[in-house]
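Welcome! Take a moment to turn the model around on your screen, and then we can walk through it together.

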Amino acid sequence: MSLLEMRNIVKEFPGVRALDGVSFTLDRGEFHALVGENGAGKSTLMKVLSGVYPEGTFEGDILVDDQPSHFKGIRDSEAAGIAIIFQELSLVKELTVGENIFLGKEPSKFGVINWSELYHKASNLLRDLRLPIDPRVKVGSLGIGQQQLVEIAKALSQDAKILVLDEPTAALTESEVETLFGILRDLLARGVGMIYISHKLDEVFEMSDRITVLRDGKTVSTHQAKEITKDGIIAAMVGREVGDIFPIPDHKLGEVALKITGLTAFSIDNPDKKLVDGVSFEVKQGEVLGIAGLMGAGRSELLMSIFGAWQGGFSRSIEIGGRPATISSPSDAISKGVGFVTEDRKRFGLILEQTILDNMTLAGLQKISGRFVTNRTRETMAAKGPMRSLRIKANSPLTVAGTLSGGNQQKVVLGKWLLTNPKVLFLDEPTRGIDVGAKQEIYAEINKLAKEGLAIVLVSSELPEVLGLSDRIIVLHEGRMTGEFTRSEATPEKVMSAATGH
Amino acid sequence: MKPGSIETIVFWHKFNLHMEETKTSRFSATALRAYIMIAVLGLIWAYFHWATDSIFLTPRNLSNLMTQMSVTAILAVGMLMVIVSGNIDLSVGSVLGFAGGVAAYSITMLELGLPVSIVAAIAIGIVIGIFHGVLTAYLNIPAFIVTLGGLLAWRGAVKWLLGGNTVPISNDTFKAIGNENLPAMIGWVLAALAIAFVLLMAYRKARSVKDYGLGEANYTGELLKSIIPIGGIIAFIIVMNSYQGVPIPVLILVVVALFGAFLTNSTTFGRYLYAIGGNADAARLSGINNKLNILKVYGLLGALTGVAALIFTARVGSAAPDAGVLKELDAIAACVIGGASLMGGRGTIFGACLGALIMASLDNGMSLLNVRDFMQDIIKGSILVAAVGLDMMGRKQS
């Protein structure tokens, strides 16, 4: 009899089958890891389990203690003893540890909270977990690692039988990870079952009883951790052909366009934690340099730091075109010929309520339109170049950016940066969440730009994309460079194995 | 794509077609708002004209109305730009009082003369604005808090400066800033200049189409489009001249509003304000110096507050410790009624001025009708909330 059984879960989003018949079981006191590439369906599966996607929005059965469950929301799954700790912490920083643990279920009479009981229970709970944390301090004053542990205490205050941890160590230092694992082992001994999502295979092998691999929304295989090697897991994770949607690159490499030495960047929340640690690389004119790595490997932070836009601490030395250069702000970077197609177009790339025209001319406004006084005619003339060449499907440059499809929005962001006349172009997740047709168009454009002599740095979580487009690939794992491959050397297995720190 | 090539011309043609379409069939959201607001203003005017037995729409009353709105509208022009950048300023009423106090103090107590006192009022506005800007943009203190503190502190500063007394001004030239009118002849000369400017802009617009190789210049079309603004200018001068001529405060307001419209529509600075208010992260990553631009916009609002302070002080003929109380709320209300979003990124100078005119019309009309003071406040407050409520409902549907 298993603690949890998920049978044939199918979850569809418009146009995508995110989960395609996934089955999964968990025993009492078992540590069961769930691994797979970004987008394989791990988080979606956990959202189904927790009731974030309520019953009826997916197919398949969920059984807890062999009883069919019908979760209409998160409260139902909590009542059934399932607690999920998501990547983003869900604690209220301005409240105390005790208040957070009992948030929404404070011991009270007629709405009046019994504070001594609340803090008494909280300190008992923390003592049980052997956490030396005062329940009366504010959560915001704790380090990220301790906050993570408070989150676990909160989950256990609800008598969780099943604990789901989604990348819980992403923001933790090594010693914090050890503390966490110590607590998790205690809980396992008490019979709590754990589902553990992580990209860090070392951790997965250290803790797991079983490992299940997901790929493209399907269960590939489930293994006893003792009976499989890391290589075996990696092969199961990537086992996919690189499709022929990639143009065949035919780039003539020129001089070194950008050279970075000793780049180190620190976390904003946890200023002692290095997110990127001493990375050096160079990229030549006409070259596409791929940067591979799993979520949290420090890829975006790397690009942000070069661009002068990282808001935590950072240091590095830069040479552009063979000469030392200082970049202390994005406008410095732009004037030195660096363009940056940022990730998450809605958050970092676009002003959604403004027009295509306004968005596209923003980064190069003073060059395109005029230093002080703008000229709409000139702007329209400039914007129509990329609108044409990138085939942005919109009635006119005056269409509001927020009304476009994801693919067209992404092209607007790309167009914005092409209008700054860059010599080096950073692309961070340039095809995230857009349809295959638009992807292919962007691939062709990347290839074309490289042929025209642009130096391109491409960050992507999609391994086939990095392999298919890059002349050379560097791999990051937890902020360190763990591999460098030429196009002919690179295989999915080699890259994935470097990306998991193997 | 080369200028003058076939595909360029086709592209431009399609672009213009689309613009015409948006104008005629669907309206752009902003244009639609403007028409609705003008209609609302028309209704308000028609009602007051009827209710006051045809007093409201006389040249004398319209002249008064325009003069009454000028202080609020000048503040609203500056406030609009601050709001567009995603910020707020609650201190302008107190800063207005302080800058007016500085002007009065320097001209009566220190006897520094008119030019110095004018410069002093505007300079003190700029310095205070920049100070607020530094605290907000560089020290990351929320604008609401900085200017709430300013609301209290600068009011205290006026009381200290004036020793708690009202300081009368005897300089007649200073008082003229708030009370005199332009001679009819000069009014017409300015109107002629304005009309010439409108025609010049129309000509340049038609020419630019040709210069960029986008097709033939359509001079007749642009000329026809100029008829409405030219008609407006002539009507305005006729009405003002049939009383005492264009009031100086209204002339200053027109200059300030045109300047504000130019900044927001036609400069990189204006575009950056909309970008920062629309998405601060995207603006920063596009190379915009958010902090510096926020600093500038507060300095600008400070300068306009100084200008408004001069008009206010000159009109009353004295500087008082309570001068400008609650003016910040009038200015914010004018922006919001005019369609500005307090979240930033949206709003127009035209809308803010129209909002100020609507507020002033309500004040003026209700005074003519002898509506009790407390009732006026209740009605104005309700209209502000209702206007924004209707706007939100309209937005959800679209």
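Two strands count as paired here if DSSP finds at least two bridges between them. Keep in mind as we go that this is a predicted model.

An open sheet of 6 strands runs in the order β18-β19-β20-β15-β21-β22 (chain A), and its pairing is mixed. The edges are formed by β18 (338-341) and β22 (480-486) of chain A, each of which pairs on one side only. From one strand to the next, the twist averages 20 degrees.

Now look inside this sheet. Strand β15 (residues 288-292) of chain A runs parallel to strand β21 (residues 472-477) of chain A, and 4 bridges join them. In this pair, A:Gly290 stands opposite A:Ile473 in β21(A). Helix α9 (residues 299-306) of chain A packs on the sheet, where it touches β15, β18, β19 (424-428), β20 (455-459) and β21 of chain A. The direction of α9 makes about 145 degrees with that of β20(A).

Next, move to where the chains meet. Here 31 residues of chain A are in contact with 26 residues of chain B. The largest share of chain A's side, 6 residues, comes from α14(A). By type, chain A's side divides into 15 nonpolar, 12 polar and 4 charged residues.

Finally, visit chain B, which has 17 helices and 2 strands. Its C-alpha trace spans about 75 × 55 × 45 Å along the principal axes. For 398 residues, a compact globule would have a radius of gyration near 21 Å, and the 22 Å of chain B agrees with that. Of these 398 residues, 42% count as buried.

Methods: Residues numbered from 1 in each chain as written. Chains lettered and ligands numbered in written order. Predicted model: local features only at pLDDT ≥ 70, side-chain atom pairs only at ≥ 80, totals over all residues. Contact = placed C-beta atoms within 7 Å. Nonpolar A, V, L, I, M, F, W, Y, C, P; charged D, E, K, R; others polar. Rg over C-alpha atoms; globule rule 2.2 N^0.38 Å. Buried ≥ 20, exposed ≤ 12 C-beta atoms within 10 Å, placed from the backbone. Axes fitted to C-alpha atoms, helices over the stretch in contact; angles between N-to-C directions.
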